[in-house]
Amino acid sequence: MSSVSLPAGIEPSGPRPRHVTATRIGIYAFLLIAALFFLIPLIVMIMTSMKSMSEIRGGNIFALPMQPTLDYWVKAWSSACTGRDCYGLAPGFFNSVKITVLSVPVSIVIAMINGYALSFWRFRGSELMFAILLFGAFVPFQVLVYPIIFGLSRVGLFGTLPGIVIVHTIFGMPILTLLFRNFFASLPVELFKAARVDGAGFWRIFFSVMLPMSVPITIVAVILQVTGIWNDFIFGLVFAGRENMPMTVQLNNIVRTSTGTVEYSTNMAATVLTGAVPLIVYFVSGKWFVRGIAAGAVKG
Amino acid sequence: MSTSVEIKDLSLNYGTVTVLDRLNLEVGKGEFIVLLGPSGCGKSTLLNCIAGLLDISAGQIFISGKNVTWDEPKDRGIGMVFQSYALYPQMTVEKNMSFGLRVAGMPKPEVDARVKRAAEILQLESLLQRKPVELSGGQRQRVAIGRALVRDVDVFLFDEPLSNLDAKLRNDLRVEIKRLHHRLKNTMIYVTHDQIEAMTLADRIAIMKNGVIQQLADPHTIYNKPTNLFVAGFIGSPSMNFIRGDLTGGALNIDGASIPLANYEFKAPMNGAAVLGVRPEHVVVGEEAQKMPFQVESEIEIVEPMGADTIAWTKLGGQSLTFRADAEVRLVPGQKVLIGFDPGRGSVFNGESGERI
Ligand SMILES: Nc1ncnc2c1ncn2[C@@H]1O[C@H](COP(=O)(O)OP(=O)(O)O)[C@@H](O)[C@H]1O
Ligand SMILES: [Mg+2]
């Protein structure tokens, strides 16, 4: 590159001029196509949800709706039938909100304390504890479903809101503990020693020194947990009980409840509504979400 | 002088690795002790044991006459300053300094008074409301010192406090620490691998190697009467010349020369393999060399002008020899000069054990 001869009279000086190279155009073209590829299903769903049934039957799925309507969205939200009840997705939405709002803080607080204790308060067997906890991340959860049903029934929590919160807390624990342990392990241990010399104990160090430093990693954990718990289907189905079925389970019921014809518009609207929360989380959290994925990569 | 810190038969193992083995150390009240040694020799480990941040494997630790072996760090009457400063990043300078006092539940007026006094001593008054990220390295380390200062402790522990600073700041802060010691007269135990810091600050230096204190003495003795080859080679820059030879009849015989040791004060006279240590600044050239008990003609190999003086490399009996000459003396490679020194000012070591004889 440096051997390229300059036109006469041009002396290199100041910032090097930027050229649009073929490579650069290629990269952008690729990124654009990749983005479109992943956007198309969403676009098709949103367009379809605004079309009437006759238009869907007669037309092309890529065509814009001729008379866009939000009727199906309203129906999906408030009056679509899930089995015998016809209250739409709304009850499921509020159930999911309840489950998420309770499970996320509980699991994160416990994992944070775990990670803190495992990084700084090494005790006899703490490495083993951590290894066992990590091992938990690789146990197929199907294996644990029945034992947990049994256990929760024994204490009368099977099919209740606390029951599903406990289940989410347990299953989030390995990955979240790993996340926090690695974060705390990356902090200089001298900080912890300084606080010990200053006379602070386990909780004082946690609340006064560590917690204020943990905001970024906590945001990552919240994103990980909100999306994970919101998207959960199987735990909700098994453990939440009829009264607390999350939105994903309700969505499944709507899509599978057939009263004569399949109403694609309603199904599409319901699907987009259910996916809206993780989508909004992705869009709002941007870079934090990428870090979350990087951190969650070990999840496999 | 009464004893401030006393360490008795202290051992520390990490699993099967023994880092400190039955170490004994007594530090007087108000004394400035420097633990000096190469990286990994166990200096920080020893300091952490004194602070109570590591569980020791055996032995006892007394501070101000009290057995603190099982005490929590906060109950030992110590303050500690770390290499990485270890300031609480989310707290202001003021909150950093007052943290320990607040944890102890001290009434606010007294906390404020102590922080104010420490800030005055360390010239931090104008920075009290800043966060650590808004401070320079030197300022951060002063805050870290202030954090130990406010707690009004008997013993200050420093773990390489200046290692993260650039050369100029390091010199400034070194003087400041010395001034602080003169003013407060606390006991200070100071860990470093920098011999200049050790020589300039210490009342006594403890030279460590592989978890064992090699020599504990004042800087002058350490420099002039090193107890073994390790200490002799570790202290001094450029380092001491070691001339290996055979000790017989009060003279060291080397290739083509015999160095008379008549005026050397032997601790334990012996015959056999020995090493004579000569400081580069004790070797002189030219006319001055003619006055020395030992003189030899030699050829200059390399010259390193340092500004204040010049370091020259030559050979003595086939062994490398460096000396420090006045910057005004013209020396060029290849030049033949007369060099000389007084073997009585040197140190003689047993060639096998490396111990001073
Ligand atoms: N947590 C640990 N586990 C095992 N060995 C350690 C640990 N911490 C330090 N060591 C070993 O102890 C020795 C002394 O370390 P240290 O006291 O930090 O040396 P330094 O003199 O550089 O401060 C080193 O050889 C180091 O490898
Ligand atoms: Mg160290």
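Domain bounds come from an automatic or database domain assignment. The model used in these exercises is predicted.

**Exercise 1. The two domains of chain A**

Find the bounds of the domains of chain A, and say how many Å separate their centres.

Solution. 
Step 1. Read the bounds. Domain 1 of chain A covers 22-69, and domain 2 covers 90-297.
Step 2. Take the centres over C-alpha atoms. For domain 1 of chain A and domain 2 of chain A they are 33 Å apart.

**Exercise 2. Where the domains meet**

Describe the interface of domain 1 of chain A and domain 2 of chain A: its contacts, its buried area and the residues on the side of domain 1.

Solution. 
Step 1. Count the contacts. Here 10 residues of domain 1 of chain A touch 10 residues of domain 2 of chain A.
Step 2. Look at the area. About 730 Å² is buried between domain 1 of chain A and domain 2 of chain A, and carbon and sulfur atoms give 82% of it.
Step 3. Pick out the main residues of domain 1 of chain A. A:Met45, A:Ser49 and A:Met53 lose the most area to domain 2 of chain A; together they make up 58% of what that side buries.
Step 4. Search for salt bridges and polar contacts. Between domain 1 of chain A and domain 2 of chain A the rule finds 0 salt bridges. Polar contact is found for 1 residue pair across this interface, with both residues at pLDDT 80 or more.
Step 5. Assign the residues of domain 1 to elements. Helix H1 (22-49) and helix H2 (53-58) of chain A each give two or more residues to the side that touches domain 2 of chain A. H1(A) gives the most, with 5 residues.
Step 6. Sort that side of domain 1 of chain A by class. There are 5 nonpolar, 3 polar and 2 charged residues.

**Exercise 3. Chain A against chain B**

Solution. 
Step 1. Begin with contacts. Chain A brings 15 residues, which are in contact with 24 residues of chain B.
Step 2. Find the salt bridge. The rule gives 1 across the interface of chain A and chain B.
Step 3. Trace the elements. H8(A) has the largest share, 7 residues.
Step 4. Sort by class. This side of chain A has 8 nonpolar, 2 polar and 5 charged residues.

**Exercise 4. Strand S4 of chain B**

Identify the strands that pair with S4(B), and locate the hairpin.

Solution. 
Step 1. Take strand S1 (residues 3-14) of chain B. S1(B) pairs with strand S4 (residues 58-63) of chain B over 5 bridges, in the antiparallel sense. B:Lys8 stands opposite B:Gln60 in S4(B).
Step 2. Move to strand S5 (residues 66-67) of chain B. S5(B) runs antiparallel to S4(B), and 2 bridges join them. B:Phe62 has B:Asn67 in S5(B) as its bridge partner.
Step 3. Inspect the turn. S4(B) and S5(B) form a hairpin with 2 residues between them. B:Ser64 lies in the turn and has a positive phi of about 50 degrees.

**Exercise 5. An open sheet in chain B**

Give the strand order of the open sheet of 3 strands in chain B, and explain why one side of S15 and of S16 has no neighbour in the sheet.

Solution. 
Step 1. Write the order. It is S15-S20-S16 (chain B), with antiparallel pairing.
Step 2. Find the edges. Strand S15 (284-285) and strand S16 (294-299) of chain B each have a single partner strand, so one side of each is left without a neighbour in the sheet.
Step 3. Check the bridges. S16(B) is joined to strand S20 (residues 336-341) of chain B by 6 bridges. S15(B) pairs with S20(B) over 2 bridges.
Step 4. Partners in S20(B) include B:Lys336 for B:Glu299, B:Gly340 for B:Gln295 and B:Ile339 for B:Val285.

Definitions and conventions:
Residues numbered from 1 in each chain as written. Chains lettered and ligands numbered in written order. Predicted model: local features only at pLDDT ≥ 70, side-chain atom pairs only at ≥ 80, totals over all residues. Heavy atoms only, no water. Pairing = 2+ DSSP bridges. Helix = DSSP H or I, 4+ residues; strand = E, 2+ residues; numbered from the N terminus. Contact = heavy atoms within 4.5 Å. Buried area = accessible area lost by both parts, 1.4 Å probe. Salt bridge = Lys/Arg side-chain N within 4 Å of Asp/Glu carboxyl O. Polar contact = N/O pair within 3.5 Å; in protein donor to acceptor, adjacent residues only side chain to side chain. Nonpolar A, V, L, I, M, F, W, Y, C, P; charged D, E, K, R; others polar.
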